[in-house]
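I set out to record what I looked up in this structure, entry by entry. The sequence and coordinates are shown below.

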Amino acid sequence: QVQLVESGGGLVQAGGSLRLSCAASGRIFGINSMGWYRRAPGKRREWVATIASGGSTNYADSAKGRFTISRDYAKNTVYLQMNSLKPEDTAVYYCNADVKTFMNENFSSWGQGTQVTVSS
């Protein structure tokens, strides 16, 4: 039983900043990687950024230079710092974690999402 809870979404003007948080809890032995995805109105879910267990990061082209993903290993929490926000960043943002259980099994867990709205 694993739960991921996102927070930090809201309404900002273009050019502004926002910091999203996602905390994982439950029967977790470890987390291999964590990431952020988003779903804009009328579109499919899109990958935004990933941070591996060793701290290496990867970003979608749309996020490079503007977004920064980080994690707090002690708190099983991942963050997404979003700067220079654009209206096209408007979406529901979802947290994802590649979770390892005490039975040495891996599975992907998702949060419920947090709304980010960027106005012109």
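The entries that follow cover a sheet, a hairpin, the nonpolar core and some backbone angles.

**Entry 1. Model.** I note at the outset that this is a predicted model.

Entry 2. I traced an open sheet of four strands and found the order 1-3-8-7, with antiparallel pairing. Strand 1 and strand 7 are the edge strands, each pairing on one side only. From one strand to the next, the twist averages 15 degrees.

**Entry 3. Strands 7 and 8.** Strand 7 (67-72) and strand 8 (77-82) are antiparallel and joined over six bridges. For Thr68 I looked up the bridge partner, which is Gln81 in strand 8.

**Entry 4. Strands 9 and 10.** Strand 9 (91-100) pairs with strand 10 (residues 106-110) in the antiparallel sense, over five bridges. Opposite Asn96 I found Trp110 of strand 10. The hairpin of these two strands has five residues between the strands, and Asn104 there takes a positive phi near 60 degrees.

**Entry 5. Nonpolar core.** Which residues touch the most other members of the largest nonpolar core? I recorded Trp36, Leu80, Met82 and Tyr93, out of 30 residues in that core. Elements giving two or more residues to the core include strand 1 (2-7), strand 3 (18-26), strand 4 (30-39), strand 5 (46-52) and strand 11 (114-119). Strand 7, strand 8 and strand 9 are also among them. Strand 9 supplies the largest share, five residues.

**Entry 6. Met82.** I listed the contacts of Met82, leaving aside its neighbours within four places in sequence. They are Gly16, Ser17, Leu18, Leu20, Arg66, Phe67, Tyr93 and Val116. Of these, Tyr93 was already noted with Met82 among the core residues that touch the most other members.

Entry 7. Asn76 is not a glycine, yet its phi is positive, about 50 degrees. Asn76 sits in the loop between strand 7 and strand 8. Ser84, likewise not a glycine, has a positive phi of about 50 degrees and lies in the loop between strand 8 and strand 9.

Technical notes. Residues are numbered from 1 along each chain as its sequence is written. This is a predicted model: local features need pLDDT of at least 70, side-chain atom pairs count only at pLDDT 80 or more; totals for chains, interfaces and linings use all residues. Side-chain values use heavy atoms; hydrogens and water are left out. Two strands pair if DSSP finds at least two bridges between them. A nonpolar core is a set of buried Ala, Val, Leu, Ile, Met, Phe, Trp, Tyr and Cys residues joined through side-chain atoms within 4.5 Å. Buried means under 20% relative accessible area, exposed over 50%, partly exposed in between (1.4 Å probe, protein chains only). Contact means heavy atoms within 4.5 Å. Axes are lines fitted to C-alpha atoms, for helices over the stretch in contact, and angles run from 0 to 180 degrees between N-to-C directions.
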